[in-house]
Every structure is written in structure tokens, then in C-alpha cells.
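Q: I would like to learn how to read salt bridges and helix packing in a model. Please take me through them.

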Amino acid sequence: MSGSGFYTIAIRAINAETARLDAFCEALDKNPTEKKQQIVEYKRAKYRYAGVTNVWCAVYNAYRTRARNAATHYLPKWVDAVFVRNSAYVSLYENAADDEKPDYALYYGASALAEEKIADLSAKIPLATDWERVELEERLGGLRFAKSCMDEAWEQRKDVIG
């Protein structure tokens with residue numbers, strides 16, 4: 001199985017965001033006074049990070065283990081379980097050329113996961129308290145950002161040799 005242009009582009013963009021958030025939080029962790037003054041921004045960054053890394057874990061682990069997961073659409077079982085609930089995505093995968101199926105599964109499996117998490121969190125916003133709403137919105141922002149990275153990578157995948 002050859003490399004993946006989609007994976008290369010998507011993981012670079014997602015890694016850049018996690019690195020940015022890590023650097024921000026790490027700098028505040030080293031300066032307790034500054035952290036106390038920026039605690040809201042710190043917590044927001046942590047919640048955004050949680051959203052981004054939900055998608056990162058799916059993409060990274062699916063790519064890393066895809067050779068041994070052919071029976072589950074080249075996806076770990078926990079991602080495949082979400083993927084198979086989306087019949088439109090499964091149909092796109094099934095109609096893809098055999099050599100493109102691993103990338104189709106990777107993109108559409110992680111997309112299905114992100115979309116499901118976005119829908120679940122979005123449904124909780126109307127009942128959330130003020131701070132719960134902030135947490136949900138930041139997690140949603142992270143998920144949407146990671147999903148946009150994947151969408152962009154999917155469009156650009158043919159331009160990169162994996």
C-alpha cells in the first residue's frame with residue numbers, strides 16, 4: 001500500500017494547530033502568574049485541543065493501522081462503527097477504485113466521526129450553562145477546524161505524492 005497524499009496534507013495541518021495550542025498552554029504552564037491572568041484563554045485552548053485531537057486520533061490511528069484493517073474498511077473498529085452508519089459514505093467507498101479505497105475510508109471514516117461528534121455537541125448547546133456553552137463551542141471549533149483540514153486535504157490529495 002503506497003503513501004497517502006490526503007493523509008500527508010491533513011495531518012500536517014492538524015499537527016500545526018495542535019502544536020500552536022500546545023505552545024500556548026505550555027508557555028502559560030511555565031508562568032503561573034500569567035496563566036492565572038489568562039485562565040479563560042487557557043481553558044478555551046484546552047477545549048479546542050480536545051476537539052482537534054478527537055479527529056487527529058482517528059486519522060492517525062486509521063492510517064497507521066490500515067494495512068491490517070482491510071476487513072473493517074481499512075479503519076480501526078471504533079472508527080468503522082461510525083463510518084458504516086453513514087450509507088452515503090459507504091457507497092462512495094464501495095464505488096472507489098480498489099487502490100483508492102484506503103484513502104476513501106480514511107477520509108470518509110474520519111469525516112463521519114467528526115460530523116457525529118459535531119452533531120452530538122451541537123445538540124447540547126441549547127441546554128448548556130454559560131461556561132458549558134463556552135466549552136462546547138471551543139470543542140466544536142476544534143472539531144470543525146480538523147474537519148476543514150481534512151476537506152481541504154481531500155481536495156488537494158492528488159497534488160501530493162504520499
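Q: How far apart along helix 7 are Glu 135 and Arg 139?
A: Helices are DSSP runs (H or I, at least four residues), numbered from the N terminus. In helix 7, Glu 135 and Arg 139 are 4 residues apart, so about one helical turn separates them. The two form a salt bridge, with the closest N and O atoms 3.1 Å apart; the term requires a side-chain nitrogen of Lys or Arg within 4 Å of a carboxyl oxygen of Asp or Glu.

Q: What do the numbers rest on?
A: This is a predicted model, where local features need pLDDT of at least 70 and side-chain atom pairs count only at pLDDT 80 or more, while totals for chains, interfaces and linings use all residues. Residues are numbered from 1 along each chain as its sequence is written, and side-chain values use heavy atoms, with hydrogens and water left out.

Q: Which parts of the chain does the pair Arg 44 and Glu 138 link?
A: The side chains of Arg 44 and Glu 138 meet in a salt bridge (2.8 Å, N to O). The pair links distant parts of the chain, with Arg 44 in helix 3 and Glu 138 in helix 7, 94 residues apart.

Q: Is Glu 138 buried or exposed?
A: Buried means under 20% relative accessible area, exposed over 50%, and partly exposed in between (1.4 Å probe, protein chains only). Glu 138 has 16%, so Glu 138 is buried. Arg 44, at 31%, is partly exposed.

Q: How many salt bridges does the structure hold?
A: The structure holds 11. Glu 17, Arg 20 and Arg 48 are linked in a network of them.

Methods
Helix = DSSP H or I, 4+ residues; strand = E, 2+ residues; numbered from the N terminus.
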